[in-house]
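Student: I am new to this structure and would like to take a close look at a single part of it. Could you guide me slowly through the place where the ligand sits, and then tell me about one piece of helix packing?

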Amino acid sequence: MIKSIVLARKDVSSNFYSWLGILIFSVFFLAAGILFALVVVKYVGISMEAARNGYQNVEGLIMTHFIFGSLFADLGLVVLCLVPLVSMRAFSEERKQQTMELLFTYPLSDFDIVVGKFLSLIWFFALLIFPTLGYLYLFQWLGGSFEWGPVLAGYLGLLLLGAAFLSLGLFISSLTANQVISALLTFGLLVLLWSLEGLMGLANDPWARWLQQISPLTHFREFTFGIVDLGHVAYFVFFCLYFLFMSLRVIEARNWKG
Amino acid sequence: MAEMAEGRKTRVAEPEAPVMVRMECVSKKFGSLRALDQVSFSLRKGEVLGFLGPNGAGKTTAMRILSGYFPPTEGRVWIGGDELFKNSEQAKKRIGYVPEALNFYGDMRVSEFLDFVAQIKSVPSKIRHAHIEEKIERCGLPEVGHRLIGQLSRGFRQRLGLAQALIGDPDVLLLDEPTGGLDPKQIKEIRHLIRELGRERTLILSTHILPEVSMVCDKVMIFNQGRVVATGTADELESGLRRERYEIFVVMGDRHRKDDALAIFHALPGVDGVTVLEEQGDRVSFSLFAPRGTELRPVISKLFVEQNIPLLEIRASKLSLEQIFLKIVLDEQMAQQEP
Ligand SMILES: Nc1ncnc2c1ncn2[C@@H]1O[C@H](COP(=O)(O)OP(=O)(O)O)[C@@H](O)[C@H]1O
Ligand SMILES: [Mg+2]
């Protein structure tokens, strides 16, 4: 486990030494900033409306739901677009640089390697999303009011969603040395999974509902409303475990050249 | 010539020294290609072994199996007392490996990378800094400690390869073509370093350069097309070469009589290097070396018939040890012609 952390730290710092890493970081921070700004605009609009209608302080829980619900759903989409760019490097980069040969000969288990890679992705992802808490503080400082509980639930959902996406990306990156293929394939699969949620409207037969249960969006939605349901948490945990297991199988097979 | 005489070691490990590396009937297939075919050997603590062979002979494949990079298709490997692909973390702690390709993380600095390796190899944090400094010093890296690895020359990358292998003070060092792609001055420096390391550790190096093994190694194994075609000290091999030997292949059709067949081969005058190449169903194939000028095929056929062992095939190899050496020498000349 300690060795996984050592591995992860190497990857995270190499991410921040690369242009791509810095770019992803900046894009996410900016996109989140724009989305927050829209929230603030909406908030101001609603409170002015409320004041005109004679309500004193429309705030707290209802406001939080109303405003941040859509914010987290939008952030989820940004995550969907950026995750393939984060995860594509994981194994593909080692394969391209042909550094797996050394890694495999160090006293590390394949499990250590896969966990280390996953940890590095989550670590980088956490570094992406937590700075956006700054926007919330700013919002509060400017006089906006909301409840922290549901917002933190939203963050938890975002983290779980990111982890699940990253585990899928990790698996894909273990299959190819080509980062472009890795990113595109991951993106395609994520979009596919994401869009399964829309099936509810199309049909009501058990198949559609079953497929819908596979979609991460179905399970992410309640987090954006500020609700933490253990069933949904379990879904994301199993999602991650499944793809980590698949990655482990690929690594164990050592079926690549070089 | 002077360098050779100075470098040649006459030391042979004491017989009671523990066995550090052992391969038992190791084969590796890539699809239908047999990159390694039934290779067995053992190496005692402190010995220096050279894998010699032309390009494509299977040296890198053997190195990669010994390093734990990938498991063999068949056979087993022990490092110290641990079976490499069963107890692999324990076994890998005893190994330092310098791959032929010398690919490291290009975006890391030399000292940063060595620190990473030291943590992976569980060097205690109290001594880690001093440990790394010592390896940097030892391998002649102080001037590039803060450089990015991606910007290092081949010579420095080779030194970095040695430094990362030495971290954690492993008992066994594996060096794949350690002088490949270096200029003559660098080759001299690296050979000097290798000789020093060979005094204190069990060491295996691979090369396609003939004089290199005799300069550095106690024992030599010659590979060709995945098979070990000769083993011995450099001196033995040279005199064996002068005697001239040729190889005979025998295929028999009853695996239960394998020991009888082996007994026949071992009883033949002048024969050595008897190995079982393959067992497939009832078919067992062997290879053995015989002195040139003797014709052993009729003798073998007669003995097989007398003992009622089904003989399916017997033929002499087209490729003699001498020809293999020639191929190695030609390879070397070609390599020298490249810039
Ligand atoms: N990963 C691989 N996949 C398929 N064939 C391989 C692979 N690695 C090596 N080979 C083949 O195995 C044979 C032995 O190669 P190698 O061990 O690299 O030889 P050497 O190091 O002695 O030059 C060659 O024919 C090579 O093409
Ligand atoms: Mg090679």
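Tutor: Let us begin with the ligand, keeping in mind that this is a predicted model. Ligand 1 is surrounded by 12 residues, and the closest of them are B:G56, B:G58, B:K59, B:T60 and B:T61. Residues from chain A as well as chain B surround ligand 1, so the site is shared between the two chains. When the shell around ligand 1 is sorted by residue class, it divides into 5 nonpolar, 5 polar and 2 charged residues. Within chain B, the elements β2 (33-44) and α2 (59-67) each supply at least two residues of this shell, and α2(B) gives the most to it, with 3 residues.

B:K59 has a backbone N or O atom 2.9 Å from an oxygen atom of ligand 1, whereas B:T60 places a polar side-chain atom 2.6 Å from an oxygen atom of the ligand. In B:T61, an N or O atom of the side chain lies 2.6 Å from an oxygen atom of ligand 1. Taken alone, ligand 1 exposes 560 Å², and the protein buries 71% of that area.

For the helix packing, turn to chain A, where helix α4 (residues 90-97) and helix α6 (residues 110-129) pack at an angle of about 120°, with their axes 9 Å apart. Because of that angle, α4(A) is oblique to α6(A). On the side of α4(A), the contact is made by A:A90, A:F91 and A:E94, while α6(A) contributes A:I113, A:V114, A:K117 and A:L121. By class, this contact of α4(A) with α6(A) has 5 nonpolar residues, no polar residues and 2 charged residues.

Notes. Residues are numbered from 1 along each chain as its sequence is written. Chains are lettered from A and ligands numbered from 1 in the order in which they are written. This is a predicted model: local features need pLDDT of at least 70, side-chain atom pairs count only at pLDDT 80 or more; totals for chains, interfaces and linings use all residues. Side-chain values use heavy atoms; hydrogens and water are left out. A residue is near a molecule or strand if one of its heavy atoms lies within 4 Å of it. A polar contact is a pair of N or O atoms within 3.5 Å; within protein, one must be able to donate a hydrogen and the other to accept it, and residues adjacent in sequence count only if both atoms are side-chain atoms. Accessible areas come from the Shrake-Rupley method with a 1.4 Å probe; for residues, only the protein chains shown count as cover. Helices (H or I, at least four residues) and strands (E, at least two) are DSSP runs, numbered from the N terminus. Ala, Val, Leu, Ile, Met, Phe, Trp, Tyr, Cys and Pro count as nonpolar, Asp, Glu, Lys and Arg as charged, and the others, Gly among them, as polar. Axes are lines fitted to C-alpha atoms, for helices over the stretch in contact, and angles run from 0 to 180 degrees between N-to-C directions. Angles under 35 degrees count as roughly parallel, over 145 as roughly antiparallel, 65 to 115 as roughly perpendicular and the rest as oblique. Contact means heavy atoms within 4.5 Å.
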